[in-house]
Amino acid sequence: MKLVFATNNLNKLKEVQEMLPNSIELLSLKDINCFDEVEETETTLEGNAKLKTDYITNKFGYHCFADDTGLEVESLGGKPGVYSARFAGEPVNSENNMAKLLLELEAKENRKAQFRTAVALNINDKKFLFEGICKGDILKQKQGEKGFGYDPIFKPEGYQKSFAEMSSIEKNKISHRGIAIQKLVEFLKNYKLK
Ligand code: IMP
């Protein structure tokens with residue numbers, strides 16, 4: 001079965017392909033000649049993940065899944081959430097995003113936050129949603145050089161280091177995206193058996 005992962009990130013694609021049985025062949029957007037930019041106009045992670053997935057299924061007819069992630073900070077009422085990529089404005093800039101977040105949290109005692117990933121799947125005319133959450137705290141300053149986005153200022157619960165101080169293998173085991181994708185993979189494995 002061919003299944004489109006609505007992403008252009010080949011690392012993400014390879015990582016998920018390795019978790020799937022050989023009977024499922026993952027295709028990237030490039031593989032299906034989709035070079036369209038699907039704007040993330042919804043106000044929830046689930047909405048944006050569905051938007052991307054529905055676009056591909058409707059236009060190209062493939063089974064498809066897409067993910068959308070946000071950082072939800074408790075004392076900011078869940079902000080930046082669905083707007084995490086552009087928190088400090090356009091163009092997307094992680095350094096500016098982190099600086100803005102650190103500033104907004106300067107006077108706050110509560111630094112609890114969670115990364116949340118929503119994955120939407122369209123398969124055989126049915127729609128499914130999967131969620132992955134990684135709880136933690138926002139550090140007072142950046143730590144580590146690895147990863148991307150808010151990784152240097154996010155310390156997952158139960159660890160004494162930031163995401164940016166972890167190898168990708170270590171991070172993927174506990175990360176929001178890792179958990180959501182793991183749920184999707186388990187679902188697909190069982191789905192194929194039916
Ligand atoms: P996306 O939905 O995966 O594109 O994520 C949206 C934004 O959330 C990104 O631009 C990053 O700023 C942030 N983000 C998503 N996943 C992570 C992560 O694993 N670590 C740090 N930041 C992330």
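**Exercise 1.** In this predicted model, which helices and strands each supply at least two residues of the lining of the largest pocket?

*Solution.* Start with the helices. α2 (45–60), α3 (94–105) and α5 (176–193) each supply at least two lining residues. Then take the strands. β3 (64–73) also reaches that count. Now look for the top contributor. β3 gives the most, with five residues.

**Exercise 2.** Describe the largest pocket by its volume, its centre and its residue classes.

*Solution.* Begin with the volume. The largest pocket holds about 1200 Å³ of space. Next, find the centre. The lining has 38 residues, and Glu40, Lys52, Asp68, Ala85 and Arg86 are the closest to the centre. Last, sort the lining by class. It has 14 nonpolar, 11 polar and 13 charged residues.

**Exercise 3.** How much space lies in the second largest pocket, and which residues lie nearest its centre?

*Solution.* Take the volume. About 470 Å³ of space lies in the second largest pocket. The lining counts 23 residues. Nearest the centre of this pocket lie Asn11, Lys12, Glu15, Ser168 and Asn172.

**Exercise 4.** Which elements give two or more residues to the lining of the second largest pocket, and how does this lining divide by class?

*Solution.* List the elements. α1 (10–19), α4 (168–174) and α5 give two or more residues each. Pick out the main one. α1 gives the most, with six residues. Then count by class. The lining of the second largest pocket divides into six nonpolar, eight polar and nine charged residues. Finally, trace α5 through both pockets.

Technical notes
Residues are numbered from 1 along each chain as its sequence is written. This is a predicted model: local features need pLDDT of at least 70, side-chain atom pairs count only at pLDDT 80 or more; totals for chains, interfaces and linings use all residues. Side-chain values use heavy atoms; hydrogens and water are left out. On a 1 Å grid over the protein atoms alone, a cavity is a set of points where a 1.4 Å probe fits but cannot get out, and a pocket is an open set with protein on both sides within 12 Å along at least five of seven lines; lining residues have an atom within 4 Å of a point. Grid points are joined across faces, edges and corners, and a volume is the space filled by probe spheres set on the points. Helices (H or I, at least four residues) and strands (E, at least two) are DSSP runs, numbered from the N terminus. Ala, Val, Leu, Ile, Met, Phe, Trp, Tyr, Cys and Pro count as nonpolar, Asp, Glu, Lys and Arg as charged, and the others, Gly among them, as polar.
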